[in-house]
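Welcome, and thanks for taking a look at this one with me. Let's walk through its cross-links and its charged pairs.

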Amino acid sequence: KPGEQKHSKEPSSLQCMHLAVVACGDRLEETLIMLKSAVLFSNRRLCFHIFSEDSLKPEFEKKLQEWPSSYTKKFEYNIYPITFSVGNAQEWKKLFKPCAAQRLFLPVILKDVDSLLYVDTDVLFLRPIDDIWHILKEFNSTQLAAMAPEHEIPKIGWYSRFARHPYYGTTGVNSGVMLMNLTRIRSTQFKNSMIPGGLTWEEMLYPLYQKYKNYITWGDQDLLNIIFYFNPECLYVFPCQWNYRPDHCMYGSNCKGAEEEGVSILHGNRGVYHDDKQPTFKALYEVIRDFPFEDNLFQSLYYPLQSKFLDTVHTLCGRIPQVFLKQIEKTMKKVYENRVIVYLGANHRY
């Protein structure tokens, strides 16, 4: 299959950290920058599952094959068409953003994948995926997915103020970064508001949509909130630094985890990579986009980022540059140290 490189006796799917994304419309570049950030920092091998419209497939293949071999050997990829196994495909496609509902069907489509990290196209990794992948081991016996809260403060959160349907917890959860144990999802009977007994994931999706379609605003994210409202024991909630959005700094800094550890995963929702409303988010996107693969990370990524941040200090998000820089600096130091150790080890043999 396109891009696959398998050199081990062990199935590559067992070695891989699986990353899924759904890209339709004008999301090609954004998706490629997200994948680039994943490859730049991760340690273990990656398996990309890219769901896109047929018209985007040749462009994805062309762009990914242009990356240097030192990076393409770190991942394999498959590109899938947009498909919905139950219900009306046109209805699903129109739910919120184009094709976004595809993420609800990942457990059904990727039958041979045990666990998976799903992210929106507007996500950037500022540390190795390995670190969020380890959270799978923290799941207890009933947990099968992990997401971050939609907001930290209920009185200014969207769900707590406006939702007309059930949602998880006090603020709801955001589905832009979602860690899933697909094996558990496929084998679980979910409690629901439609029948007294349980339903499988696939059985539940379309009836749930039919019941709540006149009350949901954020499409598939609302459906996930409804599912985990009825099945709270199934959800692991990870802290906000794993899904850091403009809401976390544009009303004052309200993500304690990011203040302490730095941002781990940046989620530039509301289109902030492409306008001037949040220049701190845009700066990170542009620096990763423009980074030449084979160049020095500090020289061609970290220093330009510091420089760009100087122009954002007049904004609320720009006043806390250390929150954005802390984790990426730590990650780059580790990359550098590993390369020095490998280099010294190689020279030591002579």
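Let's begin with a buried pair: both cysteine 16 and cysteine 47 are buried, where buried means under 20% relative accessible area, exposed over 50%, and partly exposed in between (1.4 Å probe, protein chains only). A disulfide joins these two, cysteine 16 and cysteine 47, at 2.0 Å from S to S; the term stands for a pair of cysteine sulfur atoms within 2.5 Å. Cysteine 16 sits in the loop between helix 1 (12–15) and strand 1 (17–23), and cysteine 47 in strand 2 (residues 46–52), so the bond ties together parts that are 31 residues apart in sequence. Helices (H or I, at least four residues) and strands (E, at least two) are DSSP runs, numbered from the N terminus.

Before going further, a word on the source. This is a predicted model, in which local features need pLDDT of at least 70 and side-chain atom pairs count only at pLDDT 80 or more, while totals for chains, interfaces and linings use all residues. Residues are numbered from 1 along each chain as its sequence is written, and side-chain values use heavy atoms, with hydrogens and water left out.

The pLDDT, the predictor's confidence in each residue from 0 to 100, averages 89 for the protein, and 92% of the residues score at least 70. Over residues 1–11 the pLDDT is below 50, yet beyond near neighbours in sequence this stretch has 19 contacts in the model, a contact being heavy atoms within 4.5 Å. Where pLDDT is low, the predicted coordinates should not be read in detail.

**Disulfides**

The count comes to four disulfides, and with bonded cysteines counted along the chain they follow the pattern 1-3, 2-4, 5-7, 6-8. Three of them are set out here.

| Pair | S to S | Torsion about S-S | Hand |
|---|---|---|---|
| Cysteine 16 and cysteine 47 | 2.0 Å | 65° | right-handed |
| Cysteine 240 and cysteine 255 | 2.1 Å | 100° | right-handed |
| Cysteine 249 and cysteine 317 | 2.0 Å | about 85° | right-handed |

Cysteine 240 and cysteine 255 both lie in the loop between strand 8 (235–237) and helix 12 (256–261), 15 residues apart. Cysteine 240 counts as buried at 6% relative accessibility, and cysteine 255 does at 0%.

Which parts does the pair of cysteine 249 and cysteine 317 tie together? Cysteine 249 is in the loop between strand 8 and helix 12, whereas cysteine 317 is in the loop between helix 14 (297–310) and helix 15 (321–348), so the linked parts are 68 residues apart in sequence. Cysteine 249 is buried at 1% relative accessible area, and cysteine 317 is buried at 0%.

**Salt bridges**

There are 14 salt bridges, each a side-chain nitrogen of Lys or Arg within 4 Å of a carboxyl oxygen of Asp or Glu. One of them pairs arginine 45 with glutamate 76 at 3.4 Å, N to O. Arginine 45 is in the loop between helix 2 (28–41) and strand 2, and glutamate 76 is in strand 3 (residues 75–80), 31 residues away. Arginine 45 is buried at 17%, as is glutamate 76 at 5%.

Arginine 245 and glutamate 150 form another salt bridge, with their closest N and O atoms 3.9 Å apart. This pair spans 95 residues, and both partners are buried.

Aspartate 290 and arginine 289 meet at 2.8 Å, N to O. Are these two buried or partly exposed? Aspartate 290 is partly exposed at 47%, and arginine 289 is partly exposed at 31%. Finally, Asp26, Arg27 and Glu30 are linked in a network of salt bridges.
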